[in-house]
Amino acid sequence: PASALPVAPAAATHCPYCALQCAMTLTPTALPGPSGSVAPEVSVAGREFPTNRGGLCQKGWTSASVLRAADRLTVPLVRGRSGEMEPTTWDAALDLVASRLARIAAESGPQAVAVFGGGGLTNEKAYTLGKFARTVLRTPFIDYNGRFCMASAAAAANRSLGADRGLPFPLSDLGGADAVLLLGSNVAETMPPSVQHLAGARAAGGLVVVDPRRSATARLADDPSTGSGRGAQGVHLQPVPGTDLAVLLGLAHVVLAEGLADAAYLAERTTGFDDVARSVAAWWPERVEAVTGVPVPELRRVARLLAAASPSRGGRGAYVLTGRGVEQSSQGTATVTAAINLALILGLVGRVGSGYGAVTGQGNGQGGREHGQKSDQLPGYRKIDDPAAREHVAAVWGVDPESLPGPGVPAVALLRSLGTPGGPRALLVHGSNLLVSAPDAAAVRARLEALDLLVVCDVVPSETALIADVVLPVTQWAEEEGTMTSLEGRVIRRRKATDAPGDARSELWVWAELARRLGSPVHLATDPAEVFDELARASAGGVADYGGLSHARLDDDEAGGGPGFHWPVPAADHPGTPRLFLDRFPTPDGRARMIPVDHIGPTDDLRPDAPLWLTTGRVLQHYQSGAQTHRVPELERLVPAPYAELHPLLGARLGVPDGARVRLTTARGTTTATARWTDTVRPDTVFLPFHWSGEGSANLLTTDAVDPVSGMPEFKVCAVAVAPAEEA
Ligand code: SF4
């Protein structure tokens with residue numbers, strides 16, 4: 001019998017998946033393995049924490065399965081002469097990678113090597129990866145998959161508010177508000193334990209969800225039988241995909257036209273209001289209805305509901321929140337800017353109990369964009385082209401500021417440049433599965449396959465690892481120490497509960513070994529606590545200031561029941577900053593900048609050969625590219641294959657019955673999936689979840705058109721043709 005034998009103390013840590021970073025306790029046990037050996041195992045239990053209050057979703061409960069995935073990578077693999085991947089030693093694999101990187105850099109310059117990171121890496125790894133790229137490889141070409149996830153919200157918040165911290169307030173603050181406007185975020189599936197914080201707004205009838213699908217979250221707003229069922233709920237607005245910006249302009253128009261703005265707040269705390277007021281004047285409700293399909297009475301109702309909830313009109317508070325649905329757009333930065341403008345017009349931002357925030361997606365999407373993985377950033381959320389920032393960080397790194405490369409290019413531009421004349425010939429990928437998660441995935445595959453060298457560090461043979469020249473097996477989540485920064489800018493500890501299988505090693509060790517082999521004099525620490533201390537010094541004085549934190553302080557805090565620290569934490573005795581912007585905005589004049597924006601529409605136009613909208617998204621049971629969750633039997637059983645949601649009217653018109661195979665074709669490619677009839681999707685729209693590769697892979701269809709400010713791809717809307725698979 002499988003007797004549970006404790007092998008180490010229980011570890012208080014957090015979930016490996018999304019940015020809610022639910023607290024959990026991992027209890028190591030030992031279970032008999034297949035041949036009588038004893039395999040390390042951990043059991044998972046939810047832990048009390050302000051964000052999840054002990055709750056976990058299906059992904060969190062089953063997360064330990066990934067530790068013992070049957071195909072877990074345990075030894076380095078190198079592609080042999082036969083074309084097959086062959087196991088080898090670490091020395092042989094690292095010698096090979098270092099020698100080929102050195103040769104490529106010698107032949108074509110340091111910019112011939114590129115690095116791609118991930119929003120799931122710990123803060124320590126994100127920091128070291130940026131340092132490794134800029135001081136050891138000396139390449140400007142580093143970016144990460146957060147560009148697919150958060151870049152538009154980050155760009156807009158930095159531009160308008162002077163700082164980007166997803167939620168600049170604790171998530172639990174939402175509970176006291178009368179209204180929450182949630183745009184393009186299906187939290188009921190992506191982070192279910194967060195839904196409890198919407199209960200106050202639901203009870204007040206003030207939950208407003210904007211989504212082209214009547215998602216599980218939208219049903220919380222308009223179906224009293226869902227959730228706790230406490231009376232009034234709210235409103236679901238179901239616009240045409242890609243028109244959220246027009247909805248926001250229309251809401252601002254109504255607020256201003258009906259005299260519901262917070263004039264005193266606007267005068268005291270913002271600049272640029274007059275320009276914004278002029279820009280929204282053209283978005284009268286009837287025009288908004290014509291563009292978006294949102295009925296005029298619904299638009300007016302929501303504007304009044306938000307205004308009534310705002311403190312200036314005696315309400316308990318209101319929040320405006322954005323998610324990927326509005327950010328993954330060629331006008332994503334403009335859309336988030338419009339959301340911030342609306343929140344400013346209502347006097348919400350920087351007020352206790354109200355505000356604007358972005359619901360970050362990836363586990364360390366927040367920390368991952370603060371420590372130097374982004375093409376234009378240095379640690380502390382510093383700009384890489386700021387001379388003072390370069391000097392500060394170079395001093396911490398012990399290098400000449402002049403030696404640091406300048407800005408690189410955002411992820412999609414980086415991927416497009418691979419293999420082009422003068423572009424990168426080698427790519428190192430860490431914590432990212434580009435063949436599934438990048439837009440226009442077939443083109444990405446062709447570019448990766450044409451590289452002179454593709455190196456992938458991963459825990460399992462992801463689709464991207466399967467085409468690599470070298471695959472390096474690395475530790476994950478419950479096998480390592482480190483820190484993460486949650487969606488509310490809260491720095492928390494990740495703790496080790498079990499050993500990694502086989503010869504998997506931390507990326508920190510991999511980068512230090514490569515640096516040594518490449519003859520770099522730069523010191524790359526391998527102890528996560530030492531890396532964090534250096535990260536804290538590098539970030540000190542920056543917007544995302546971790547200067548007063550250390551692993552020891554975080555451990556002491558948690559041992560005393562404390563729930564981590566919200567940055568900035570500039571000194572060892574500083575308590576952290578749960579709420580930003582209360583007194584001033586971190587802009588030169590201390591005021592928020594209101595920036596006029598206008599609705600243009602998606603890059604793709606509907607046309608006779610592609611007359612429908614395709615939108616993509618997530619399901620409860622799978623996370624991102626599915627590299628982890630497809631290896632969890634319980635989750636895979638629940639949602640084993642991709643499917644396409646069609647409205648029954650559309651299915652009947654096209655002759656695609658429920659359950660039949662349907663072919664979807666865009667300008668990028670074609671794929672098939674099983675049709676699923678549902679009236680939760682608009683009759684002009686098809687929904688395809690994006691967690692799969694091969695047949696049914698959504699990103700074979702998506703466009704790599706990007707937002708001009710943030711570089712974020714337009715995953716959420718493109719023109720598609722839909723037909724029965726047999727006839728295509
Ligand atoms: Fe993990 Fe997110 Fe689920 Fe929480 S909501 S258990 S952090 S996947």
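The legends below describe close-up views of a predicted model.

Residues are numbered from 1 along each chain as its sequence is written. Because the model is predicted, local features need pLDDT of at least 70 and side-chain atom pairs count only at pLDDT 80 or more, while totals for chains, interfaces and linings use all residues.

**View 1. Domains of the protein and the contact between domain 2 and domain 3**. The assignment gives domain 1 (11-68), domain 2 (77-149 + 365-524), domain 3 (151-358) and domain 4 (612-727); such bounds come from an automatic or database domain assignment. The centres of domain 2 and domain 3, taken over C-alpha atoms, are separated by 36 Å. Domain 2 and domain 3 each give 8 residues to the contact, where two residues are in contact if their C-beta atoms, placed from the backbone, lie within 7 Å. On the side of domain 2 that touches domain 3 there are 2 nonpolar, 3 polar and 3 charged residues. In these classes, Ala, Val, Leu, Ile, Met, Phe, Trp, Tyr, Cys and Pro count as nonpolar, Asp, Glu, Lys and Arg as charged, and the others, Gly among them, as polar.

**View 2. The shell around the ligand**. Cys15, Cys18, Cys22, Cys57 and Gly60 come nearest of the 14 residues around the ligand; a residue is near a molecule or strand if its C-beta atom, placed from the backbone, lies within 6 Å of it. The shell consists of 10 nonpolar, 3 polar and 1 charged residues. Both domain 1 (11-68) and domain 3 (151-358) give residues to the shell, so the ligand lies between them.

**View 3. Helix 14 and the residue Gly347**. Helix 14 (residues 332-345) has 14 residues and reaches 20 Å from its first C-alpha to its last, close to the 20 Å expected at 1.5 Å a residue. That expected span is 1.5 Å times one less than the number of residues. Helices (H or I, at least four residues) and strands (E, at least two) are DSSP runs, numbered from the N terminus. Helix 14 is largely enclosed by the rest of the structure, because 14 of its 14 residues are buried. A residue is buried if 20 or more other C-beta atoms lie within 10 Å of its own, exposed if 12 or fewer, and partly exposed in between, with C-beta atoms placed from the backbone.

**View 4. Tyr381 and Gln624, two residues with positive phi**. Tyr381, a residue other than glycine, has phi near 65° and lies in the loop between strand 14 (377-378) and strand 15 (382-383). Tyr381 has 24 other C-beta atoms within 10 Å and is therefore buried. Gln624, also not a glycine, has phi near 50°. The loop that holds Gln624 runs between strand 23 (612-617) and helix 23 (633-638). Gln624 counts as buried because it has 25 C-beta neighbours inside 10 Å.

**View 5. The cis peptide bond from Trp567 to Pro568**. The omega of this bond is near 0°. Pro568 is placed in the loop between strand 21 (565-566) and strand 22 (592-593).

**View 6. Ala660 and its contacts**. Ala660 lies in the loop between helix 24 (648-654) and strand 25 (661-665). Ala660 has 16 C-beta neighbours inside 10 Å, so it counts as partly exposed. Leaving aside neighbours within four places in sequence, Ala660 is in contact with Ala675 and Pro724. The C-alpha atoms of Ala660 and Glu726 are separated by 9.5 Å, with the two residues 66 apart along the chain.
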